[in-house]
Amino acid sequence: MADLTNGDSRWALYFENPTSQDLTFTLENKGVAHKLHWKELLGNANIVLQEGDVLIFAGQKNTITLLSVDTPKGEKITLEVLDQSGEKKEIYKILN
Amino acid sequence: MLEFIQSQILFYFAIILVLFAPGYFMLLAFFGNEKLNALERFILATGLSIIVTDFLMLAMSRVGLFFTRTSLFLVLLIFNILCFLIYQKRFAKIPKETRSVSFDFSLKQFLLISLILFLSVFLRTAYLQNTIPPSSTDLGHHIYWAKLFAESGKIQNYIQSDIVEKNKIFQIDASHPISDFIIGEHLIFSAIGLISGANFVSAFPILILLLINIATLLALFILALRLFEDNAHNKNIAIFALLFTGVLFAIDPPQAKFVGGGVIGNIIGNLLVPLTFYFYLRFLKEKEITFLFFALFFSMGLFYTHHLTALIFLLTFIGFIAFSLLFNFRETRNIILIERRVFRSPLLISFFLFALLFIFIVYTPTYLENSAVKTVVGTIKKIDHTGLSLLQFRDITGEARVALGFLGTLLLLFFYRKNISKYSSLLLISWVIVITLISLAPNLVKLDIPSSRVANYGAYPFALLGAFAFISIFRQVAKQKTQLSTFSQKLILIAYSSVFVFIFMSGFAGDANYLKSNGSGEKAEQTFQASRYLASKIDKKDILISDHIYLFADSWIKLFFMRGYDFPLYRANLDRYENGVDKNEFCSRDMISNPGGELSRQCFSDLGVDFAIVNKKTDSAQFRRLENFWQVFSNDEVNIYYRKKYYVQ
């Protein structure tokens, strides 16, 4: 579990447009500099559609626009992000 | 960097302008440099400034003058200048050397007072470091109103709405008044926030409460000096009273715990009560009408600040009059009958006219307007209002303080006839008896208020009486020391040291637990981050539900939206749905606990709730199982879910 007292792992992940089908997401870093690895996953089987690394400095944020990928309707698209300590966060939408 | 320095300077300036200057200049206008010494003037000015600022802002709101940084600055400045001009006219001709009054402390006493004050601040700040950023539920509720008044520029009605079911459809009901909030709890925060530009979701409210709490210690100190004025050891008694509230029991309620918990009404009320008694006492001793004027002015301020404190004060005051008539009949009757002239004084007549005008035309306290008095007088309904056991009372008030306090009461009663200042004794005795009685047996006086909250008020009179007992015994022992054998002296020394150890053990008992860091600041920041995100993304059609049980600092979420006291909707503690008093609906519970349930689906749909902000670890699982919720935000503590409105089951 993340150590909340040292401030190292305090980063957040969110969709830029929470109510639409758009999957653009932002990584916001409140702790020290983080190298984060993100993946776009399809369905419950978690098929990797695309992935990447991003370095975010303390107090910075980085918005990532995904490449358009054809996905079947009604499938869950998950954005999973891991930091160097193994701390994982995810957000998802189920597209129409 | 420059911006930081500027914000700091503005903050300190706002504190001086709101919490010191109006009271200082008003005292100057009435007393000049006479009657009050520098310490008294400083402490009285703090309490008086709170009242004056409140009254000025109430008057501004009444005449339609909006609260802005400029308007507040000008109104306070004009008030200060007017007071200064009155002072110039009345007192400028009095030679300086004849007009100073002071308490003379020895160097040892001065050093001891400094050490006690240093430790008092140190212990409190050590505890309060966990509250930056703020997280307390009560403070979140209070600061919402302070921010609302500041942002809207005027006083708004204290109202809220509930979820109700009408014709099998859930909806938000029409708003109804709230009696729990008193205007005096919020205006100084609005003023300081506006003048300084400080963010309301920051450490500034806690810092203000800490300053008021420290001022309360000094208020007790000056009251002790006056209460025991005729006692040769009054300065030592005052120093020990300071120790009993400042250093010992420094974190227990009503000290740092109340500051961190944002119990604003109690914190301000606890400053105003000793200062009110201070003026009544000086009037009774010196028969000067100006003291009575300020006593009444402070009493009025108390009723505009906190209803429970005002009630305790009122009952103590009634007890004091009853005891005075019982034990000091002749002098009290003389004051009531012969001193009737005081009620013909232009100053007092002006005060009563001002009070009537204020209550009926400018602003009526909410608890009078909403007949809330009826809810606290009568048959006791809640279990925690039925009175404490002696053990509970001891634990709340502090074992050493209670033991010595009762001993002090007995000593005062025993030596009552020898006391020169009977009113001091009677005031302390009534104060202690009233609080003890309402805490232990509220049925006797038919008061339906939380017994533990009442017991917390005992801290101050018990500290005064405890200090009196301790110093009286010490003095007696020291006096007889030379006549005793070495063995007896040693025995006495051991006994006295044991009492001292007992006092310190008792006074520091809870501190170890209190001072543990619980990471609350970091958790609160996670909630604030999620709230900022939502506030930037949602529009006025969107409705949000949050959770009070597991979401840290949830009461502060509404400050990011400012869409009403009841926005967002929230799941309350579960017992509130079962006690038949607090919650008469289950929508707010089930929309978080069981979002896929039949009732929840209807509630989400009827109420238009489309966002849920919940604790990531305890309440995410039930949302993740549902296909009509998207997880749109995630940090270390919080997840946010969006409910697709077009989803068809």
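Modeller: Helices (H or I, at least four residues) and strands (E, at least two) are DSSP runs, numbered from the N terminus. This is a predicted model: local features need pLDDT of at least 70, side-chain atom pairs count only at pLDDT 80 or more, and totals for chains, interfaces and linings use all residues. Residues are numbered from 1 along each chain as its sequence is written, chains are lettered from A and ligands numbered from 1 in the order in which they are written, and side-chain values use heavy atoms, with hydrogens and water left out.

Colleague: Is Thr305(B) buried or exposed?

Modeller: Thr305(B) is buried, at a relative accessible area of 0%. Buried means under 20% relative accessible area, exposed over 50%, partly exposed in between (1.4 Å probe, protein chains only).

Colleague: What lies 2.6 Å from a polar atom of its side chain, I mean that of Thr305(B)?

Modeller: The backbone oxygen of Gly301(B).

Colleague: And which residues is Thr305(B) in contact with, leaving aside neighbours within four places in sequence?

Modeller: Among them are Asp54(B), Ile182(B), Glu185(B) and Leu272(B). Contact means heavy atoms within 4.5 Å.

Colleague: Which residue has a positive phi of about 55°?

Modeller: Phe249(B), although it is not a glycine. Phe249(B) is in the loop between H9 and H10 of chain B, and it is buried at 3% relative accessible area. Lys35(B) has a positive phi as well, about 70°, but Lys35(B) is partly exposed, at 29%.

Colleague: Last one, helix packing. At what angle do H8 and H20 of chain B pack?

Modeller: About 135°, with the axes of H8 (204–227) and H20 (422–440) 10 Å apart. Axes are lines fitted to C-alpha atoms, for helices over the stretch in contact, and angles run from 0 to 180 degrees between N-to-C directions.

Colleague: Which residues make the contact?

Modeller: Leu223(B), Arg226(B) and Leu227(B) of H8(B), with Ser424(B), Leu427(B), Leu428(B) and Trp431(B) of H20(B).

Key. Polar contact = N/O pair within 3.5 Å; in protein donor to acceptor, adjacent residues only side chain to side chain.
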